Amino acid sequence: MDIQRQKNIMVLALFAGEIMLKSGAEVYRVEDTVDRICRACGIPYVEVVATISSISLSLDSDDPERPPLTFIKRIRSITVDLEKVSRVNQFSREFTTTDLSVDEGRKILKEINGSKSAPAPALVAGAAAISAFFSAMLGGGLWDFVYAAISGAVAYSLSLVLERLHANSYMRIFLCCALATLLAVICANLDPRATADCIIIGGVMIFLPGVAITNAIRDALAGDPQAAVSRAVDAFLVAISIAVGAGMVIALWQFAGGVV
């Protein structure tokens with residue numbers, strides 16, 4: 001196998017891993033996908049190490065005179081798009097069991113990477129529904145349900161705007177939770193039928209790092225403690241951002257003489 005083909009295979013495998021890692025996939029799943037794609041192309045020696053912020057891939061051939069190829073891909077942002085993870089999983093199965101070429105595989109991955117998630121109005125509507133039903137599950141009444149939906153929709157809209165501005169993820173969550181809490185406190189003070197606690201919990205629930213916590217556990221069970229600890233620390237920092245955002249607004253409101 002010539003060195004240019006090895007480079008093309010490396011680019012293809014890393015592209016698949018990059019899409020998965022950016023979309024919130026577990027580290028062990030990323031490593032397994034990259035490894036399978038490389039071995040399906042006839043490369044005998046493959047070593048891949050992934051973290052939540054990078055993928056390192058090294059390929060070697062049977063030729064003792066040819067040095068191994070090594071490449072490191074930096075991952076700078078991670079979101080949650082399980083649809084892309086599923087599609088790359090399906091692609092890797094097809095690539096390893098059919099006669100898809102490297103060029104055809106690259107075209108498929110470009111299509112997956114360029115695909116957009118649900119439109120913004122649908123995402124905002126989903127956030128409103130999640131906030132409202134969590135408020136109801138935690139004992140909120142009808143008006144808590146309504147106000148939690150409004151709070152969640154407005155906070156998530158701000159999140160989408162800040163995401164497009166490439167704001168720091170922790171700062172984005174801090175600001176969104178602060179806004180959701182402020183709206184909840186205002187609604188509860190204007191309407192005696194509403195309960196601030198239920199509205200606040202519903203509004204911030206959509207920002208909880210559920211996927212990060214789940215992936216940390218799955219990476220730990222897969223025997224990758226480094227990735228598990230990294231995911232857990234990320235989830236912990238997100239939780240702190242949520243708590244500080246909500247707590248700061250409550251503290252300032254009470255300091256100003258308001259009632260929560």
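Predicted model: local features only at pLDDT ≥ 70, side-chain atom pairs only at ≥ 80, totals over all residues.
In this report, buried means under 20% relative accessible area, exposed means over 50%, and partly exposed is anything in between, using a 1.4 Å probe and protein chains only.

Residues are numbered from 1 along each chain as its sequence is written, and side-chain values use heavy atoms, with hydrogens and water left out.

**Salt bridges**

Side chains of opposite charge can pair when their charged atoms come close. Here a salt bridge is a side-chain nitrogen of Lys or Arg within 4 Å of a carboxyl oxygen of Asp or Glu, and that rule gives 10 of them.

| Pair | Closest N and O atoms |
|---|---|
| Lys22 and Glu18 | 3.0 Å |
| Glu18 and Lys73 | 4.0 Å |
| Arg87 and Glu111 | 4.0 Å |

Helices (H or I, at least four residues) and strands (E, at least two) are DSSP runs, numbered from the N terminus. Lys22 and Glu18 sit together in helix α1 (residues 3-22), 4 residues apart, which is about one turn of the helix. Glu18 is buried, at 13% relative accessible area. Its link to Lys73 reaches across distant parts of the chain, from helix α1 to strand β3 (residues 69-74), 55 residues apart. Lys73 is partly exposed at 29%.

Then there's Arg87 with Glu111. Arg87 lies in helix α3 (residues 82-97) and Glu111 in helix α4 (residues 102-114), so this pair ties together parts 24 residues apart in sequence. Arg87 is partly exposed at 27%, while Glu111 is exposed at 54%. As for shared partners, Glu18, Lys22 and Lys73 join into one network.

**Nonpolar cores**

A nonpolar core is a set of buried Ala, Val, Leu, Ile, Met, Phe, Trp, Tyr and Cys residues joined through side-chain atoms within 4.5 Å. The largest one has 34 residues, and Val30, Cys38, Leu57 and Leu109 touch the most other members. Helices α1, α2 (27-40), α3 and α4 and strands β1 (45-50) and β2 (54-60) each supply at least two residues, with α1 giving the most, 10 residues.

Take Leu109: setting aside neighbours within four places in sequence, Leu109 is in contact (heavy atoms within 4.5 Å) with Leu12, Phe15, Ala16, Ile19, Val88 and Phe91. Apart from this core lies another, of 22 residues, among them Ala155, Cys177, Val204 and Val238.

**The largest pocket**

On a 1 Å grid over the protein atoms alone, a pocket is an open set of points where a 1.4 Å probe fits, with protein on both sides within 12 Å along at least five of seven lines; lining residues have an atom within 4 Å of a point. Grid points are joined across faces, edges and corners, and a volume is the space filled by probe spheres set on the points.

The largest pocket holds about 2,100 Å³. Of its 50 lining residues, Ile78, Thr79, Val80, Glu163 and Arg172 are the closest to the centre. Helix α5 gives the most to the lining, with 6 residues.
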